[in-house]
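Hi,

Here is the structure I promised to pass on. Have a look at it first, and my notes follow below.

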Amino acid sequence: MQKSKVYFTKKITPETVVEMFKVLNIDLPGKVAVKVHSGEAGNQNYLHPEFMRPMVEYVKGTIVECNTAYDGERNSTEKHQKLIADHGWTKYFDVDIMDAEGPDMVLPITNGKVLKENLVGKNIANYDSMLILSHFKGHPAGGYGGALKQLSIGCASTVGKCLIHSGGLITDQNIVWEHMAEQDVFCESMADAAESVAELFKGKIAYVNMMCNLSVDCDCCAVAEDPCMADIGILSSLDPVALDQACMDLIYQSDDPGRDHFLHRVESLHGTHTIDAASELGFGTKEYELVCID
């Protein structure tokens, strides 16, 4: 497979996000779904709507989210809508909780490593294209969170999240945490699910990762560690596998004193196995050319 282009800048501003999208030279047609992480109640590290505003407005996008499968303020539509409003998203944007009402949309997975299907919020069918805006950081379940996690867990409905976490066995949020898949199986399930969404929007999807507020914990954590590393920059690509690989390479290449703490979280949970599995599925490649943007 040919090397994918990944663009990188050390500048981290709302306007730079737009510039990093523009260098991809892609037109996102029709109604654009913009997937972000809107932040769990109490989390101090998520990227606020003011930071995302120029980018979302540039593509005239709708913020999309899905309900969670764990206890918190986002595991029901009513609570989730309130928190999204409290966090200021509805002040600036139309927001769509895609699995607010069932039935879920079933995306077939023909050559998956684990899953045979992916369950996503049915409202995803209302969109012609997608922009994945990812706050790159650690994660207490997946090791790290980036573009592949946004495609998979991020777009999955509540029952879809259960399916991924259980390796294709459980769709009941009340018991899924008692039947978690073995870690590598979970990572492979995320890769399977990510492919199904990437294929749904093939040729009409773009990815931007923001490497700032680099905590070992995700924005889904109500109690999260403060960032352990200095900000690195913004990266963009049309290939989510190359993009996440490039971000991980920048972590490994860093001489930041917090690097080892961050990597312990990633490595202890086999986080890069998701990237490896996604590459093997063929909807992206780990081979990339890093293009630095001043």
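This is a predicted model: local features need pLDDT of at least 70, side-chain atom pairs count only at pLDDT 80 or more; totals for chains, interfaces and linings use all residues.

Residues are numbered from 1 along each chain as its sequence is written, and side-chain values use heavy atoms, with hydrogens and water left out. Helices (H or I, at least four residues) and strands (E, at least two) are DSSP runs, numbered from the N terminus.

**The sheet**

Strand S7 (residues 129-135) and strand S10 (residues 205-211) are joined by six bridges in the parallel sense. For strands to count as paired, DSSP has to find at least two bridges between them. Eight strands make up an open sheet with mixed pairing, in the order S4-S3-S2-S7-S10-S11-S1-S12. Its edges are strand S4 (95-97) and strand S12 (288-292), each pairing on one side only. From one strand to the next, the twist averages 25°. Helix H3 (residues 77-86) lies across strand S3 (62-65) and S4, running at about 155° to S4. For such angles, axes are lines fitted to C-alpha atoms (for helices over the stretch in contact), and the values run from 0 to 180 degrees between N-to-C directions.

**Cores**

By nonpolar core I mean a set of buried Ala, Val, Leu, Ile, Met, Phe, Trp, Tyr and Cys residues joined through side-chain atoms within 4.5 Å. Buried is under 20% relative accessible area, exposed is over 50%, and partly exposed is in between (1.4 Å probe, protein chains only). The largest core has 48 residues, and those with the most contacts inside it are Met-130, Phe-136, Leu-148, Leu-151, Val-197, Met-211 and Leu-235. Strand S1 (4-9), S7, H5, H7, S10, H8, helix H9 (259-268) and H10 are the elements that give two or more residues to this core. H8 gives the most, with eight residues. A second, separate core of 30 residues includes Val-17, Val-36, Tyr-46 and Met-210.

Which residues does Met-211 touch, leaving out those up to four places away in sequence? With contact meaning heavy atoms within 4.5 Å, its neighbours include Ile-12, Phe-136, Leu-235, Cys-247 and Leu-250.

In H9, the buried residues include Phe-262, Leu-263, Arg-265 and Val-266. They cover an arc of only 155° around the axis, so they sit on the same side of H9. That arc is taken from the directions from the helix axis to the C-beta atoms. Asp-260 and His-264 are exposed on the other side of H9. The cover over the buried residues of H9 includes strand S8 (137-139), S9, H8 and H10. Just after H9, His-270 has a positive phi of about 55°.

In helix H10 (residues 272-281), Thr-274, Ile-275, Ala-277, Ala-278 and Leu-281 are buried. Down the axis of H10 they fall within an arc of 165°, so they line one face of the helix. Among the elements covering them are strand S9 (143-145), helix H5 (147-151), helix H7 (183-200) and helix H8 (240-253). Gly-282 follows H10, with a positive phi near 95°.

Glu-188, in helix H7, touches His-273 and Ala-277, among others. Glu-188 counts as buried, at 18% relative accessibility.

**Salt bridges**

Taking a salt bridge as a side-chain nitrogen of Lys or Arg within 4 Å of a carboxyl oxygen of Asp or Glu, the count comes to eleven. Glu-65 and Lys-35 meet in one of them (2.9 Å, N to O). That pair links distant parts of the chain, with Glu-65 in strand S3 and Lys-35 in strand S2 (residues 32-35), 30 residues apart. Glu-65 also meets Arg-74 (3.9 Å, N to O). Are these residues buried or exposed? Glu-65 is buried at 3% relative accessible area, Lys-35 is buried at 1%, and Arg-74 is buried at 4%. A network of salt bridges links Lys-35, Glu-40, Glu-65 and Arg-74.

Arg-259 forms a salt bridge with Asp-260, their closest N and O atoms being 3.1 Å apart. Here Arg-259 is partly exposed at 23%, and Asp-260 is exposed at 52%.

Cheers
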